[in-house]
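Colleague: I have a new model open on my screen and would like some practice in reading it. Could you take me through a few features with me, one at a time?

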Amino acid sequence: MLFAPFADSSLLGSVLPAMPFFSAYYPADAPDGSFGIGCHWHHHTPPNAILKVDSMMGRYLMQRLLLAIPTVFGVTVLIFVAMRVIPGDPLRSIIGEGQIYVLTDEELNAVKASLGYDKPLVIQYLVWMGDVAKGDLGYSFWQRDRSIADMVIRRGPITLQISIMSLLLAWLIGLPAGIVTAMWRNTPLDYVVRSLVTLLMAIPNFWLGLAMILVTILIWNWRPPMELVSLWESPWKNLQMTIGPAIAMGVGFGAIIARMIRSSMLEVLREDYVRTAYAKGLPSSTIIVRHALRNALLPTITLSGLYLGATLGGAVAVERAFSVPGLGYSLIYAVQARDWTVIQSLVLLFAVAYVIINLVVDIIYGFIDPRIRY
Amino acid sequence: MESVRLMILKLVPLMALIVALVLVACSSAPAAPQVIEKEVIKEVIKEVVKEVPVEVPVDRVVEKVVIREVLIQPKATPEPIKMDLSKVGWLMKASESNIKRGGVVRTAGPVEMAHWDLHQGAPAYTGITNIYNNLTYRNVGDGQRDIVPDLATSWEVSNDGLAYIFTLREGVKWHDGVEFTALDVLGTFNRILDPPEGVITGSIRQSFEPIEEVRLLDTYKIAFDLKRPTPWFINVLGAAPHFGYPVIYPKHFLDANDQNVRENLSPGTGAFVFKERIPGEYIELEANIDYWNPDLPYVDGIKAIHIPVWANRGAAVLTGIVDFTWNGNQETWNLAMAQPDKFHGSNPPVNGTAPLWTNNSRAPFDDVRVRRAINLGLDKKFDLEVASAIALPQYKARWITRAVPGHMTDEEILTLPGWREDEAGRKADIAEAKRLMAEAGYPDGFHIKAVGNNTPAGGEVRGVAWLQQAEDILGITSDLEIIERGLEGEILVGGEWDVAFLTGTGSDVADPTAQWNGIFRCGADGNYYKYCNPEFDILLDNLLVEFDAAERVKLLRQAMDMLDENPPGYMVNGQSGLPMGGIHVKGLRLEDLGGYPWGRYETVWLDY
C-alpha cells in the first residue's frame with residue numbers, strides 16, 4: 001500500500017507537480033488523459049493493479065535482502081581472513097610503541113590470550129559475529145577506553161554529511177552542465193564547459209582540498225575548524241568544517257555526472273519518441289526535462305549510489321587534508337596500525353551501507369522508469 | 001517456490017567459495033600456540049687490556065700515546081656536580097612579571113596513543129605529561145634550560161659520585177587524594193629497573209642503567225646508589241623525551257594494577273588533572289586547584305588537539321585555531337616568523353642523533369673500510385637537503401648534536417674529509433672511498449638488502465635518495481623493502497638487512513653518552529648495528545664518569561675521531577624542532593627555547 005499513491009496519476013499529479021521526473025504521469029501532456037514514458041503509453045492504472053505492484057515490490061525487496069545476507073557474510077569472512085593472513089602482528093606494534101622492543105613468544109602469547117586471540121580462528125569469527133549481532137562492535141586494539149560503536153556514532157554522521165553534501169553539490173554542478181552541453185552540442189559553450197569538466201575530473205580531490213586550504217590561509221588567514229562539531233551543536237561551525245571537503249569531493253563527481261548526462265542525453269535525443277514529441281509541438285524545455293532527461297538519468301543514478309557508498313567508506317585523502325576526524329580517517333589509521341577490530345567493524349558497516357544504497361537505487365529506478373517491474 | 005529454488009541454486013557456488021576460503025585460512029592457522037624449547041649458548045666476552053708495540057710514523061706515535069694514556073688511565077676521583085643550593089625547594093614559575101590568569105590553552109600535535117603508560121613508551125607529546133611530575137625537571141619558565149627541583153626539593157651527592165640522596169616535597173597529594181611519599185619513588189624506579197612480567201620498560205631502563213639500587217631512607221628521603229659516577233644522572237631524571245618519560249607513578253595505583261599503567265590512566269601530582277579524551281581528536285586537562293606549587297598553573301585548562309600532519313599544525317597556529325604547537329613544519333614556521341608582531345618560535349636542537357643503521361655483523365658492512373667508504377664518498381649535503389625537505393630541519397652533526405658542549409660548528413665540520421663540499425674536496429673523498437672499497441674487495445661495488453619504514457623520512461623518500469646516490473657514486477645496488485614502523489623492532493633484531501632507514505634512537509638528554517652506551521657499546525641491548533669497538537668502549541667508560549666539563553669536551557672530540565675512523569653507521573645530521581605559537585602565548589620562552597620540549601608546559605599563560 002506504500003506505493004499506491006504513485007499508481008494513481010491524478011493523485012500524483014496534484015501531490016508532485018513540481019517534480020519533472022514523475023511528470024510522465026502528468027495528464028496535461030496528452031489531451032486524452034493518457035501519458036507516456038519512453039515508447040510506452042499507459043492509460044490510467046486500474047485499482048486491482050495496485051495490489052499486484054505491492055506484492056511484486058515486496059517480493060523483490062525480500063529477495064534482495066536475502067541475497068544481501070550471503071554478500072555481507074562473504075565480506076566479513078574475507079576481511080576477517082585478510083586481517084589474519086597479512087604479515088605483521090599488531091600486538092607487537094602496540095607493545096613496541098615508542099621503543100624498539102621485540103616481544104618474546106611467551107609475552108606475545110600472553111597478550112593474545114588476554115584478548116581472546118589464542119582461540120581457533122573459527123571461534124574468533126563466531127564470537128565476533130555474535131557480538132555484532134548484539135550490536136557490540138568491540139574495542140580498538142589501540143584505544144581500549146572507547147568502543148568502536150561510540151566511534152562510529154561520533155564520526156559516522158560527519159562522514160555521512162560530507163558524502164551527502166558532496167553528492168548534492170555534484171548534482172548541482174553536473175546536471176545543468178550535462179544538459180547544457182547536450183543541448184548546445186558542438187558550440188563554443190559546449191567546448192568551454194567540457195574543458196572545465198575534463199579539468200575537474202583530472203584534478204585529484206585531495207590536491208584540490210589542499211589548494212583550497214592554502215588559498216584560504218594565505219589570503220584570508222582562515223582555515224576550516226579541525227575539531228569535530230556536529231550540525232546540532234553549531235551549524236555554522238559545522239558548515240565551515242564540511243563545506244570544504246564537500247566541494248573538494250563534489251566537483252570531481254559533478255564533472256563525471258556532467259559527462260555521463262551529456263552522453264546519455266545525446267543518445268536519448270536521437271530516439272523516435274523525442275522526434276515525435278517535437279513533431280507534436282511540445283516546447284523544447286518540456287521535451288528535454290520531462291522526457292529525455294528522465295531516461296538519461298538512469299545510469300547517473302546508479303553511479304550516484306556507487307559514489308555514495310564509496311564516500312561513506314571514507315574519502316580518506318580529503319578527510320586527512322582537511323583534518324576532519326571522520327570514518328575515512330579512522331579507517332586509514334586503523335590500517336596503518338593493523339587495528340583488526342576497527343578494520344573489521346568498519347568494513348562490515350561499509351558493506352551493509354553499500355547493500356542498502358544499491359537496494360534504494362534499484363527501487364528508485366522502478367519509480368523513474370515504469371518499464372522496470374519487479 | 002520456483003524463484004526460491006533458483007535463488008538457492010545461485011547461492012550454492014557462492015557459499016562453496018566462502019567455505020573454501022575459511023578452510024584455507026583455518027588450515028594455515030595454528031589452533032594453539034606451540035611451545036618450542038631451544039638451547040641457547042651464550043658467549044661471554046672478557047675485556048683484556050694489552051699493550052702491543054706498533055710501528056707507526058713519528059707524528060702518529062705522539063697522537064696514539066696521548067689517546068692511550070687517557071683510555072688506560074681513567075680518572076679515579078671524579079668530582080660530581082653538587083646542587084646549586086639557591087635552588088633548594090625552588091618552585092617553577094614563568095619568567096615574566098605581569099602574568100594574567102585564566103583561559104584554556106589549545107595546542108596542536110599528535111595525540112594518538114596506544115596506552116597510557118609513559119614508562120612503556122606512551123608518547124610524551126600527547127600532553128599527558130602535564131598530569132605528572134618527575135624528581136627533577138627542566139625549568140619550563142626559562143625555556144627548558146636549567147635542571148630544577150620538582151618532586152625532590154633538593155639532593156646531595158657523595159664525593160665519589162656513587163650515591164644521590166633526594167629530599168622529597170612534603171604535603172604533595174596525588175590527584176586521587178593519597179599522599180605522595182618516598183615509597184612512590186621507590187615503587188616507580190623498582191618497576192623501571194626490574195619490571196614484572198608483562199611490563200616492558202626497555203628504552204627508559206637504558207637511561208637508568210647506571211642505577212645499582214634505590215633505597216628508602218625515610219618517608220621523604222630516598223637514595224640512589226649508582227654503579228659508577230654518572231655526570232648526567234640528575235639531567236636524565238628530569239628528561240623530557242618523546243618516549244620513556246621518567247614520571248613518578250603512585251605506588252598504590254601500581255600495586256592495584258599489577259604494575260601496569262597501560263589500560264588505566266594513573267593519577268599524577270602534576271599541575272593538571274585529566275578531564276577527557278576523545279581518541280583521535282583531543283585530550284583535555286583541567287587545572288589542579290590543589291597543586292603543590294600554589295602559583296601554578298596560570299591557565300584553567302589545556303586542550304591538546306590531534307593534528308597529525310605537521311603542516312596542519314602550523315596552519316592551525318597561523319589561523320588562530322590553536323595557541324601553539326611544539327612542531328610545525330618549515331613552511332608554516334617561516335610564515336609565522338615573518339610576522340613577529342603576531343607569532344614567535346624557535347628551532348632548538350633535538351636530543352640525540354640518528355645515524356643510518358648498517359648491519360655490521362655481516363658482509364659487506366662488517367668491514368670498517370666499507371663503512372668508512374660510505375661516510376667519505378656519499379654526498380652529505382644532498383642527504384641533508386633531502387632530509388630537511390621531508391622532516392624536521394636538519395643540520396650537520398658530527399656524531400653529536402648542537403646542544404652538546406664540544407660540538408663542532410658547521411665551518412669546522414666542512415673542513416673534514418667526508419664533509420667537504422668544494423669540488424676538489426669531493427673528488428678527493430670519492431677517490432679515497434673507492435680506494436677503500438677496492439681494498440676491501442669491492443672495486444665495483446656490491447648489492448645490499450635495505451629496509452625502510454613507511455615514512456618519507458625513513459624508506460619512502462630519504463632511503464630511496466640515499467640508495468640512489470650510493471649506486472651512482474659507489475656502485476652499491478640494492479633491494480629496498482618498505483615496512484611499517486611497528487615492525488621495526490622485529491626487523492632490526494632479525495638481522496636480515498644490510499642498511500635500515502628506520503626511526504632514529506633519540507636521547508633523553510643532550511649529552512650523547514647514555515645513548516652511545518645503549519647503541520654503540522659492544523653487546524648493548526640497543527646495539528642493532530652489531531657494532532663493536534673495544535677502544536671506543538674504553539673511551540665510553542671514561543665519558544660515563546667524567547664530570548669536568550673541559551675534559552668531557554676533549555673526550556667527546558676523541559670519540560668523534562674514533563667514530564670517524566671506525567664508524568658504526570652513516571652519520572650526517574642532527575635535527576631541530578620548530579615550536580611556534582601566537583605572540584599571546586607567554587611563560588615558555590617559545591622564542592628562545594634552550595632544549596627541545598615534548599613535555600610539560602605548566603608555566604604557560606595567555607596574554608589576551
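**Reading the model, feature by feature**

Modeller: Contact here means that the C-beta atoms, placed from the backbone, lie within 7 Å. Before we go on, keep in mind that this is a predicted model, in which local features need pLDDT of at least 70 and side-chain atom pairs count only at pLDDT 80 or more, while totals for chains, interfaces and linings use all residues. Residues are numbered from 1 along each chain as its sequence is written, and chains are lettered from A and ligands numbered from 1 in the order in which they are written.

Colleague: Is B:Val214 buried or exposed?

Modeller: The rule is a neighbour count: a residue is buried if 20 or more other C-beta atoms, placed from the backbone, lie within 10 Å of its own, exposed if 12 or fewer, and partly exposed in between. B:Val214 has 21 C-beta neighbours inside 10 Å, so it counts as buried. The residue is found in strand 6 (residues 211-218) of chain B; strands are DSSP runs of E with at least two residues, helices are runs of H or I with at least four, and both are numbered from the N terminus. B:Phe224 is 10 residues from B:Val214 in sequence, with a C-alpha to C-alpha distance of 4.6 Å.

Colleague: And what does chain B look like in overall numbers?

Modeller: Chain B has 17 helices and 21 strands. Of its 608 residues, 49% are buried. Among the contacts in chain B with a separation of 6 or more, 71% are between residues 24 or more positions apart.

Colleague: Which strands does strand 1 of chain B pair with?

Modeller: Strand 1 runs parallel to strand 10 (residues 301-306) of chain B, joined by 6 bridges, and B:Ala108 has B:Ile305 as its bridge partner in strand 10. Strand 1 also runs parallel to strand 11 (residues 324-325) of chain B, joined by 2 bridges; there B:Thr107 has B:Phe324 as its bridge partner. In strand 1 (residues 104-109) of chain B, 5 of the 6 residues are buried, so this strand is largely enclosed by the rest of the structure.

Colleague: Now for helix packing. At what angle do helix 9 and helix 12 of chain B pack?

Modeller: Two packed helices are described by the angle between their axes and the distance between the axes. The axes are lines fitted to C-alpha atoms, for helices over the stretch in contact, and angles run from 0 to 180 degrees between N-to-C directions. Helix 9 (residues 368-377) and helix 12 (residues 423-439) of chain B pack at about 165 degrees, with axes 8 Å apart. They are therefore roughly antiparallel; angles under 35 degrees count as roughly parallel, over 145 as roughly antiparallel, 65 to 115 as roughly perpendicular and the rest as oblique.

Colleague: Which residues of helix 7 of chain A meet helix 8 of chain A?

Modeller: Helix 7 (residues 148-183) and helix 8 (residues 188-202) of chain A pack at about 140 degrees, with axes 9 Å apart, and are therefore oblique to each other. A:Ala177, A:Val180 and A:Thr181 of helix 7 meet residues of helix 8 including A:Leu189 and A:Val193.

Notes:
Two residues are in contact if their C-beta atoms, placed from the backbone, lie within 7 Å. Two strands pair if DSSP finds at least two bridges between them.
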